[in-house]
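Subject: Structure handover

Hello,

Here is the structure I promised to pass on. Please open it alongside this message.

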Amino acid sequence: MKILLVYYTGTYNTRFLTDMLEKALRAEGHAVCRVEIRRGVPAADTDGYDMIGFGYPVYGFNSPLPFNRYVAKLPVAEGQKFFIYKNSGETFAMNNASSRILLRRMRRRKAVFAGEYHYVMPYNIHFPFARDFVREILDKDKKLLRIMLRHLQEGTVSSIPSNPVYNFASAAVSVQKIGGAVNSFFYRADDKKCTRCGLCVKACPEQNIRLQGGKIRFGHRCDMCMRCSFFCPRNAIRIGFLEGWKVNGDYRLQELEEAGPPPKPYITEESRGFYRCFVRHFAAIDEEYARLFGDERD
Ligand SMILES: Cc1cc2nc3c(=O)[nH]c(=O)nc-3n(C[C@H](O)[C@H](O)[C@H](O)COP(=O)(O)O)c2cc1C
Ligand code: SF4
Ligand code: SF4
C-alpha cells in the first residue's frame, strides 16, 4: 500500500510514534510519505494514496487547532480510507471525544474510516512521568502499533466509542481557542537564566518567538504546544497561567524505548488515583496482543 501519515506534534511524542509507525510500515513493504504540520506547510496532495493515517496529541480533550486547520484544507477524495493514531498522557473517557472534529470532516467528504487507536505518551504538561512508567508506556505502544497494523491489514475496524455527553464536554473545554491567545500575553523568558541560545526561536512551529534587542520575545499566535518551554535547556520560559503545570526536560524516548519494559510492572491491579485509568487500557492492549500474536514478542 501507499500510505500518507499526516501529524501534528508539540514536544515530539507524536513524531516519535510516527517514526515507529513509518519504520513498521516500511518493514512490511508499504510505501510511506509523511507531513508534519506546522505554520506554512501546504496541504498535501493525497491523490494516489491507499490510506491516510492521522496522528495528533490530545489537547484539552480535543485535537490541536493547527491540526484541525490543516485537515480543513486537506483534499480528501470520496472513498479515501483513513485511520487515526492519537496519543495523550492519560486515558480518561473524555479523551474518547477528541477526534470528533476530524471524524465529522471525514464523514462530510465520504472518506472511509479504517480505525482509531489511542496511544499513551508521557505528559508534556501537568507533571513529568517517572522513567519506569515511560518504559512501560513505550512497551505497550509497541504492542498497540503491531495490533493496529494487523487490524489495518485484515480490515478489522477498531473504533473508540464516544457519546453526546463526552462530545459536549470536550467541545466546552476546548482550551486552545481562547487559551493560547490569552495566555501568550504572559509568556516570558527569564533574562537571568536565558543564554540566548536561540533554540526556542528555531523550534516554535508557529514562528511565534523572536530574539529582539538581545531579548526573547513572544508573539500572540501561540498554540500552547509547549515545545519552547519543554526543551529550553535553562528552563527559562514562563508559560503564563499554566506555569504551575510546566514540564521541562526531554524524556529521551529513544533511550527508554531501547531499555525495554521496567524490571517490574509500573501499573498493576493495585494502581490507584490518577494511575487507575491505565489498568484497563493496558489490559485491553495485552489481551488483544495475546489474541493476535500469542506470546510472541515483536
Ligand atoms: C495544551 C495541552 C493540553 C493537553 N491536554 C491533554 C488532555 O486533555 N488529555 C491528556 O491525556 N493529555 C493532554 N495533554 C498531554 C499531551 O497530549 C501529551 O503529552 C502528548 O503526548 C504530547 O504529544 P506531542 O509531544 O506530540 O505534542 C495536553 C498537552 C498540552 C500541551
Ligand atoms: S531556549 Fe531557553 S535559553 Fe535558549 S533562547 Fe530560548 S529561552 Fe533562552
Ligand atoms: S510559543 Fe512555545 S508553546 Fe507557543 S507555539 Fe511556539 S513553541 Fe509552542
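This is a predicted model: local features need pLDDT of at least 70, side-chain atom pairs count only at pLDDT 80 or more; totals for chains, interfaces and linings use all residues.

Residues are numbered from 1 along each chain as its sequence is written, while chains are lettered from A and ligands numbered from 1 in the order in which they are written.

Start with strand β1, residues 2-7. Helices (H or I, at least four residues) and strands (E, at least two) are DSSP runs, numbered from the N terminus. Five of the six residues in β1 are buried. Buried means 20 or more other C-beta atoms within 10 Å of the residue's own; exposed means 12 or fewer, and partly exposed lies in between, with C-beta atoms placed from the backbone.

β1 pairs with two strands (pairing takes at least two DSSP bridges). With β2 (residues 31-36) it is parallel over six bridges. There, Ile 3 faces Val 32. The chain gets from β1 to β2 through helix α1 (residues 13-27), in a right-handed β-α-β crossover. Right-handed means that, with the strands pointing away from the viewer, the path from the first strand over the helix to the second runs clockwise. With β3 (residues 51-57), β1 is parallel over five bridges. Leu 4 sits opposite Ile 52.

Next, the cores. A nonpolar core is a set of buried Ala, Val, Leu, Ile, Met, Phe, Trp, Tyr and Cys residues joined through C-beta atoms within 7 Å. The largest has 46 residues. Val 6, Phe 54, Tyr 85, Tyr 119, Leu 144 and Met 148 touch the most other members. Helix α4 gives the most to this core, eight residues. Another core, of 23 residues, lies apart and includes Cys 204 and Cys 232.

Two non-glycine residues have positive phi. Lys 110, at about 60°, is in the loop between α3 (100-108) and β5 (112-120). Lys 110 is exposed because it has 11 C-beta neighbours inside 10 Å. His 126, at about 95°, is in the loop between β5 and α4 (131-154). His 126 has 14 such neighbours inside 10 Å, so it counts as partly exposed.

Last, ligand 2. It has 14 residues around it (C-beta atom, placed from the backbone, within 6 Å). Cys 194, Cys 197, Leu 199, Cys 200 and Cys 232 come nearest.

Best wishes
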